[in-house]
Amino acid sequence: MKEGYSKRFLCLSLFLSAFIIVALLCAGCTGNSNGGRDEKVLRVVSYIGPDTSGSLDPALKWEGWYVRQAGLYESLFYFDTDMNLQPELATGYRQLSDTEWEVTLRDDVYFHDGTKMDADAVVYSINRVLDPSNSRSEEYSFVDNIRKTDDYTIVITTKEPYAPAVYPFADPVMSIVSPSAENLEKEPVGTGPYKFVSFEPGSSMDLVANENYRGGRPNLDKVKMIYNTDPATRSLMILSGDVDISWNFLASDYVALNADPDIQNISPKVGTRTEFLFVNGNKKPFDDFRVRQAISYALDRREIADTALEGIGGVPATGIFSSVIPWSAYDELPSYDNDTEKALKLFAEAGITQGGDGKLYYNGEPFSIEIATSTKGPTFVPVSEVAAAQLEKIGITTSVNVMDYSALASECRNGNYDLSTVAWVTAPEGDPDYFLSLQYLSTGSYAAWTGYSNPEVDDMIVEARTIFDKDERYAVYNEIQRIVQDDMPLIPLAYITNNFALKNNVKGFEIYPNELTVITSEIDLT
């Protein structure tokens, strides 16, 4: 009896030992079996994602940014890590005349639904944006028509000579979509390295490898994009191992993240996003350039970078374009930075004088400024608060009004603000005309917000469009930058850095300055 019991106990012990060993071996698995190997699932947390309205159509507003970042869509062109224009779904282009540009297309590309990408699909995709009912169509008003000349060639005809004609086709709003797709708002169908699986608005998006990707099968099997507006949570998620990549983590966690042995060394990189103040030149006294210059002189951009951006979120700005942009004249421009004496002198010239109590007065009343901002960008509120404290220090009664971004935009559009803190990618299309026309051309959409109008600048912006020699064009843009730096309808504050924290096993990841490319086929998990 005892002998039988011992044999049974021995067998049970051996079985349990074997089970534990197998369990321990499997504890290191990263996913389910996939053709004899573990699945590679990349988890990324970002600070912003598709609009909570739920639309994933790249032709609508700014949704193209987020679906491109996720690896779903591609455009005719893109910008590499040095901000050079490169062909993506195109193979190249050539100028046929002052108003015609021929673009040749790849012939080896398939959409996620298995249909072929060709000239018809490209013309279809572009015309969706050119449709007057599209809110972004105004940005492409230079286009007269798009036509195909064969199955893999199209011709872009502009209404007038327009030197940067092909550059706007790198914008994600011009993502090439499948004409066969039934509902692009809910089920994206593009050509990117990853295919759509599911989307939870405001929360996450799941993707799977595009087995038929033109560059070969991506290294990863799946990608999970997670959206969380709280930077502290984004820090915790990578520290705890819940994600492999965290974008724009809490700046104060930089030291802890850099010291973590499971996280790669973090090197913040200046991008093309500039944080600046809109100034309402439609109302007094902000219609006086001396007041705008004085406000700029009252600001200490180093303190803004070190305090509001905690030393890693950005660097002090001079002009509107950061140093990574090829046409930036930032190192040739006056900074209008941190000089109280000059600020008070300019204020006095504009009729804003200092009283015996140290405060500034305008028309016999305390001079007050409200800085309007929102929580849409992680830096908006802290930058506004530091700027407000600096203006208070010089004697301006200053407050910060935080509101929903749609409300903020409405107030600015209607002229119901003094200053407003925003942050824009200033080169999404890789050419100066985009930002300069929107902000500084008197007919530009956002010039209405600031009331800015300078006939000399108008003439130069329009003239530059007709100059096909890049060096000559950039010389004109440098002069425009010098003029608007003095006029100061926008007050540059900081060049925002791209901050990514990566686990050690993430390979092949690169930072693109314009923020449009994030997930690529080259990213791998080892």
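Me: Which residues of H14 are buried?
Reply: In this predicted model, they are Arg473, Tyr474, Val476, Tyr477, Asn478, Ile480, Gln481, Ile483, Val484, Gln485 and Asp487.

Me: What covers the buried residues of H14?
Reply: The cover includes helix H6 (289-298), helix H11 (432-439) and helix H13 (455-464). Strand E22 (490-498) is also part of that cover.

Me: How do you know that the length of helix H14 agrees with its number of residues?
Reply: H14 runs over residues 470-487, which makes 18 residues.

Me: What is found at the start of H14, and what follows H14?
Reply: At the start, a side-chain oxygen of Asp469 comes to within 3.2 Å of the backbone nitrogen of Asp471. Met488 follows the helix, with a positive phi near 55°.

Me: Why is the pair of Phe276 and Phe278 called edge-to-face?
Reply: Two values decide it. The ring centres are 5.2 Å apart, and pairing needs them within 6.5 Å. The planes stand at 75°, and edge-to-face needs over 60 degrees.

Me: Are Phe276 and Phe278 buried or exposed?
Reply: Phe276 is buried, and Phe278 is buried too.

Me: What makes the pair of Phe321 and Trp327 edge-to-face?
Reply: Their ring centres lie 5.7 Å apart and their planes are at 85°. The cut-offs are within 6.5 Å and over 60 degrees, so this pair is edge-to-face.

Me: Why is Phe321 called buried, and why Trp327?
Reply: Buried means under 20% relative accessible area. Phe321 has 0%, so Phe321 is buried. Trp327 has 2%, so Trp327 is buried as well.

Me: How many aromatic pairs does the ring rule give, and which residues do ring pairs link into a cluster?
Reply: The count is 27 aromatic pairs. The cluster includes Phe276, Phe278, Phe321, Trp327, Trp424 and Phe435. Tyr440, Tyr446, Trp449, Tyr452, Tyr474 and Tyr477 belong to it too.

Me: Which residues have the most contacts inside the largest nonpolar core?
Reply: They are Leu42, Leu76, Ile154, Phe169, Met205 and Tyr440, in a core of 109 residues. A second, separate core has 35 residues, among them Leu299, Ala388, Met488 and Ile496.

Me: What is Tyr440 in contact with, leaving aside its neighbours within four places in sequence?
Reply: Tyr440 touches Ile320, Phe435, Tyr452, Val457, Asp458, Ile461, Val484, Pro489 and Leu490.

Conventions: Residues are numbered from 1 along each chain as its sequence is written. This is a predicted model: local features need pLDDT of at least 70, side-chain atom pairs count only at pLDDT 80 or more; totals for chains, interfaces and linings use all residues. Side-chain values use heavy atoms; hydrogens and water are left out. A nonpolar core is a set of buried Ala, Val, Leu, Ile, Met, Phe, Trp, Tyr and Cys residues joined through side-chain atoms within 4.5 Å. Buried means under 20% relative accessible area, exposed over 50%, partly exposed in between (1.4 Å probe, protein chains only). Contact means heavy atoms within 4.5 Å. Rings of Phe, Tyr and Trp (its six-membered ring) pair if their centres lie within 6.5 Å; planes under 30 degrees apart count as stacked, over 60 as edge-to-face and the rest as tilted. Helices (H or I, at least four residues) and strands (E, at least two) are DSSP runs, numbered from the N terminus. The expected span of a helix is 1.5 Å times one less than its number of residues. A polar contact is a pair of N or O atoms within 3.5 Å; within protein, one must be able to donate a hydrogen and the other to accept it, and residues adjacent in sequence count only if both atoms are side-chain atoms.
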